[in-house]
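Thanks for coming. I will go through one structure today, starting with a term and then moving from single residues to the whole chain.

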Amino acid sequence: MTGINRRAVATTSLALTMAVLDGSVITIALPSITRDFGVSPGDSILVVNAYQITVLVLLLPLGAVGEIFGYARVYRVGLVVFTLASLGSALAPSLEWLILARILQGIGAAGIMSINAGLIRAIYPLGQIGRGIGINALVVALASAMGPALAAALLSVGPWPILFAVNVPLGILTLLVGRGALPPSDPSPRAFDWASAVLNGGMLALAVLAVDGLGGRQPGWQVLAEAGLAVVFGLALLRRQRGRAAPLLPLDLLSIPVFRLSVMASILGFCAAALALISLPFWLQQHLGVSDAATGLWMTPWPLAVAAVAPLAGLLADRHSPGLLGAIGMALFCAGLVVLGLTEGAPGVLALSAKLMLCGAGFALFQSPNNRAMLTAAPPARAGAAGGMLSTARLLGQSLGAALAAVTLADAAATGAGRGLLLAAGLAGCAAVVSGLRMRGHRPAA
């Protein structure tokens with residue numbers, strides 16, 4: 001990485017790891033939180049939802065704040081808020097306190113995630129952006145996939161607050177490593193659009209809640225009301241954003257075909273991945289009869305394949321069409337999910353590992369080129385909006401995938417898991433088609 005600030009790379013990687021991990025590790029501790037606070041399992045899920053919805057709602061607004069005040073400043077503030085909120089979560093004496101601390105954590109995580117892609121574009125020269133995105137994709141994929149296993153390891157040595165307490169020394173270390181290392185960016189002097197931020201948050205939060213309600217956890221009238229309000233908020237946001245030079249909802253960037261197709265492919269791809277990763281534990285336990293603790297080990301070939309392929313995919317993205325690479329990656333991902341979903345009986349260890357590695361390798365080959373296409377399609381002055389949209393597409397896809405998993409698993413986990421894998425394969429196939437549409441007339445910049 002000649003000419004690249006290694007401390008800046010380490011800072012962004014450490015901070016992003018904490019933010020992504022915190023969205024997944026806590027699910028393992030929900031039974032303990034339920035017992036300690038004497039609440040119902042349904043109430044304890046608010047600990048997860050409070051974080052995820054807060055991050056999703058604030059990604060685009062904080063991306064705009066980064067463009068206005070500078071990426072490094074927003075990144076550092078987000079990291080400080082996340083670290084302090086982690087301490088608050090570890091010390092929470094009640095569920096209400098924990099939920100409030102998780103909301104604050106979500107604010108800090110959104111500051112980290114929304115600015116991360118813009119910082120990558122500032123840290124790496126144009127010819128090496130694919131390499132930077134490959135490292136970034138590796139961090140996100142491994143943090144997401146290894147979260148449950150890491151949580152199990154930490155819970156073996158301490159109670160659930162340790163999942164939050166570990167962020168405090170890591171956050172302090174990241175702040176020290178990044179002191180003076182993050183590249184400056186030229187602020188864009190304009191007023192922040194508060195009304196659009198509220199409309200954007202309402203649209204995204206209500207859309208996710210409506211899809212989540214399809215799993216039977218809400219009455220039908222409530223699901224319809226949430227979906228209807230999401231449409232109303234969305235239409236109002238579109239009307240307000242039209243004609244603006246730097247809109248919060250990046251309509252200017254979405255008018256660029258490559259950017260628009262990359263966003264669509266990202267939502268579809270991450271939706272498929274989330275649906276598959278939630279369905280897989282049920283599928284494994286149905287076919288192999290493995291324990292909860294052993295399930296994480298059986299899934300290990302997936303993140304190992306991601307770790308092996310993501311850096312290579314980043315290098316390839318600097319030299320070849322991201323549309324072609326993304327289409328091949330999603331086609332491989334689709335094939336892996338199909339052979340998993342159609343498996344009869346208990347597969348052997350090698351056969352299962354090969355199928356899981358095909359899934360992981362395919363997704364990694366898609367993610368880095370797709371993210372590179374999204375970032376390089378945007379003008380440098382709109383890198384904050386592009387980064388916010390990149391993270392929003394990822395988190396929206398993951399949220400929708402989790403909601404679809406709740407629907408497929410609602411009746412019977414044994415059969416629903418197989419249906420979930422095949423549905424994920426269909427979504428991956430759609431992502432492959434959308435990615436392939438970008439091949440004509442687009443090549444990576446030199």
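A residue is called buried under 20% relative accessible area, exposed over 50%, and partly exposed in between, using a 1.4 Å probe and protein chains only. By that rule Ala 246 is partly exposed, because its relative accessibility is 26%.

Before going on, a word on the source. The model is predicted, so local features need pLDDT of at least 70, side-chain atom pairs count only at pLDDT 80 or more, and totals for chains, interfaces and linings use all residues. Residues are numbered from 1 along each chain as its sequence is written, and side-chain values use heavy atoms, with hydrogens and water left out.

Back to Ala 246. This residue sits in the loop between helix H11 (220–241) and helix H12 (251–254); helices here are DSSP runs of H or I with at least four residues, strands are runs of E with at least two, and both are numbered from the N terminus. A contact means heavy atoms within 4.5 Å. Leaving out residues up to four places away in sequence, Ala 246 touches Arg 190 and Arg 382.

Another loop residue is Gly 38, between helix H2 (26–37) and helix H3 (41–44). Is Gly 38 buried or exposed? Gly 38 counts as exposed because its relative accessibility is 64%. Gly 38 and Ser 94 are 56 residues apart in sequence, and their C-alpha atoms are 9.5 Å apart.

Now two helix residues. Leu 150 belongs to helix H7 and is partly exposed, at 36% relative accessible area. Asn 200, in helix H10 (residues 194–213), is buried because its relative accessibility is 1%. What does Asn 200 touch, not counting residues up to four places away in sequence? The list is Val 57, Leu 60, Pro 61, Leu 237 and Leu 248.

For the chain as a whole, there are 19 helices and zero strands. Of its 446 residues, 55% count as buried. Among contacts between residues at least 6 apart in sequence, 84% join residues at least 24 apart.

Next, the surface. Accessible areas come from the Shrake-Rupley method with a 1.4 Å probe, and for residues only the protein chains shown count as cover. The total is about 17,700 Å², of which 71% belongs to carbon and sulfur atoms.

One patch deserves a slide. Patches take residues with over 30% relative accessible area and no salt bridge, joining like charges within 9 Å and nonpolar side chains (Val, Leu, Ile, Met, Phe, Trp, Tyr) within 5 Å. A salt bridge is a side-chain nitrogen of Lys or Arg within 4 Å of a carboxyl oxygen of Asp or Glu. Leu 324, Ile 328, Leu 332, Leu 358 and Met 439 make a nonpolar patch of about 360 Å². Helix H16 (residues 322–341) gives the largest share, three residues. Leu 332 is in helix H16 and is partly exposed, with a relative accessible area of 34%.

That is where I will stop. Questions, please.
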